[in-house]
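Here is a friendly briefing to read alongside the model. Please keep the sequence and the 3D view open as you go.

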Amino acid sequence: MPSMRPRTDPRRILTRNRMGWASEQLSPLSELAVEFCRSGACGELSPFLDLGAGYGAVSLAALHAGASVIANDLDLGHLEFLRTRVPEAERPRLQLKPGRFPRQLHFEPATLGAVHASNLFHFLTGRQLDEGMRAIARWLRPGGHLFVQAATPYQQPFAAFIPEFERRRAGGQPWPGWIDKVSDYCSHRQRSQMPKSIHLLDDLELRRIAESAGLVVERAWLFQRPDLPATLRLDGRESVGLIARKSE
Ligand SMILES: C[S@@+](CC[C@H](N)C(=O)[O-])C[C@H]1O[C@@H](n2cnc3c(N)ncnc32)[C@H](O)[C@@H]1O
């Protein structure tokens with residue numbers, strides 16, 4: 001095991017920068033993104049961008065499915081570990097792109113076949129989400145797809161926040177899932193592995209952001225990832241998935 005890789009559970013690895021855990025098991029949403037790659041939609045001229053790739057479990061699967069992959073993360077160490085996991089024959093199809101989404105990433109308009117972001121969007125502010133979604137809509141080629149998964153308020157450690165989320169939603173407050181200080185609501189014993197603030201999202205929020213950026217939403221839904229730790233499980237709505245496309 002390389003020294004840069006923290007101690008692991010076979011299903012998830014702690015990030016190096018207090019951004020939670022990276023999953024080794026693909027979620028249903030990520031499986032759909034890989035299936036999209038298998039259809040041949042993400043070749044050299046229209047690559048697959050994996051935002052906040054972590055240690056790259058999904059980037060790896062996309063490479064195995066034949067895609068050209070751009071793996072992005074804030075932490076270069078995560079991406080360097082990903083590189084060591086890629087078979088020699090697939091390395092020419094992988095590009096590492098460290099940097100903070102959205103501000104530090106730049107691509108030519110209409111050049112990406114798909115964008116995937118798993119467990120990244122809940123680390124972004126409302127302004128970053130709006131800006132990021134507009135950037136993704138610009139970068140996707142016509143017919144290109146966006147696959148997003150994020151945390152919802154419907155997780156056990158955030159149960160105390162649900163009434164506040166629903167009150168804000170009913171009152172029409174913008175960004176109802178923003179929690180400035182996680183410690184005000186979160187009871188998780190490993191809270192120290194999370195950032196100070198978090199932005200819990202749901203299907204209505206993701207749909208609204210994607211549609212205001214001009215994307216066509218194919219599906220937005222709540223679900224429970226099969227690998228979700230027991231301490232996070234609440235009622236089957238712990239994660240939100242979004243699939244959207246840029247119109248032809
Ligand atoms: C919880 S991990 C998820 C990793 C992986 N996508 C998964 O689903 O298992 C979040 C990752 O996003 C990265 N990250 C957080 N904010 C970011 C940003 N603004 N731009 C790029 N990467 C970011 C972190 O470094 C971390 O590796």
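**A buried serine and how to read this model**

S27 is buried, since 23 other C-beta atoms lie within 10 Å; a residue is called buried if 20 or more other C-beta atoms lie within 10 Å of its own, exposed if 12 or fewer, and partly exposed in between, with C-beta atoms placed from the backbone. This is a predicted model, in which local features need pLDDT of at least 70 and side-chain atom pairs count only at pLDDT 80 or more, while totals for chains, interfaces and linings use all residues. Residues are numbered from 1 along each chain as its sequence is written.

**Around S27**

- S27 sits in the loop between strand 3 and helix 1 (28–38); helices (H or I, at least four residues) and strands (E, at least two) are DSSP runs, numbered from the N terminus.
- The C-alpha atoms of S27 and D227 are separated by 7.8 Å, although these residues are 200 residues apart along the chain.

**Around the ligand**

- There are 22 residues around the ligand, and G20, G52, G54, F101 and S118 come nearest; a residue is near a molecule or strand if its C-beta atom, placed from the backbone, lies within 6 Å of it.
- Strand 3 (21–23) and strand 5 (69–73) are the elements that give two or more residues to this shell.
- Strand 3 gives the most, with 3 residues.
- The shell divides into 9 nonpolar, 10 polar and 3 charged residues; here Ala, Val, Leu, Ile, Met, Phe, Trp, Tyr, Cys and Pro count as nonpolar, Asp, Glu, Lys and Arg as charged, and the others, Gly among them, as polar.

- Most residues other than glycine have a negative phi, and most peptide bonds are trans.
- The peptide bond from F101 to P102 is cis, with omega near 0°, and P102 belongs to the loop between strand 6 (94–98) and strand 7 (112–118).
- A110 is in the loop between strand 6 and strand 7, and has a positive phi of about 55° although it is not a glycine.
- A110 counts as partly exposed because it has 13 C-beta neighbours inside 10 Å.
- R18, in the loop between strand 2 (12–14) and strand 3, has a positive phi near 55° and is a residue other than glycine.
- R18 counts as exposed because it has 11 C-beta neighbours inside 10 Å.

- Strand 5 and strand 6 pair in the parallel sense over 5 bridges; two strands pair if DSSP finds at least two bridges between them.
- From strand 5 the chain passes through helix 3 (residues 76–85) to strand 6 in a right-handed β-α-β crossover; right-handed means that, with the strands pointing away from the viewer, the path from the first strand over the helix to the second runs clockwise.
- Strand 7, helix 4 and strand 8 also form a β-α-β unit that is right-handed.
- Strand 7 and strand 8 run parallel and are joined by 6 bridges, with V115 having L146 in strand 8 as its bridge partner.
- Strand 8 (residues 140–151) is largely enclosed by the rest of the structure, because 9 of its 12 residues are buried.

**Helix 4**

- Buried residues in helix 4 (residues 126–139) are L129, G132, M133, I136 and W139.
- Seen down the axis of helix 4, the buried residues fall within an arc of 125° (taken from the directions from the helix axis to the C-beta atoms), so they line one face of the helix.

Technical notes:
Expected span 1.5 Å × (residues − 1).
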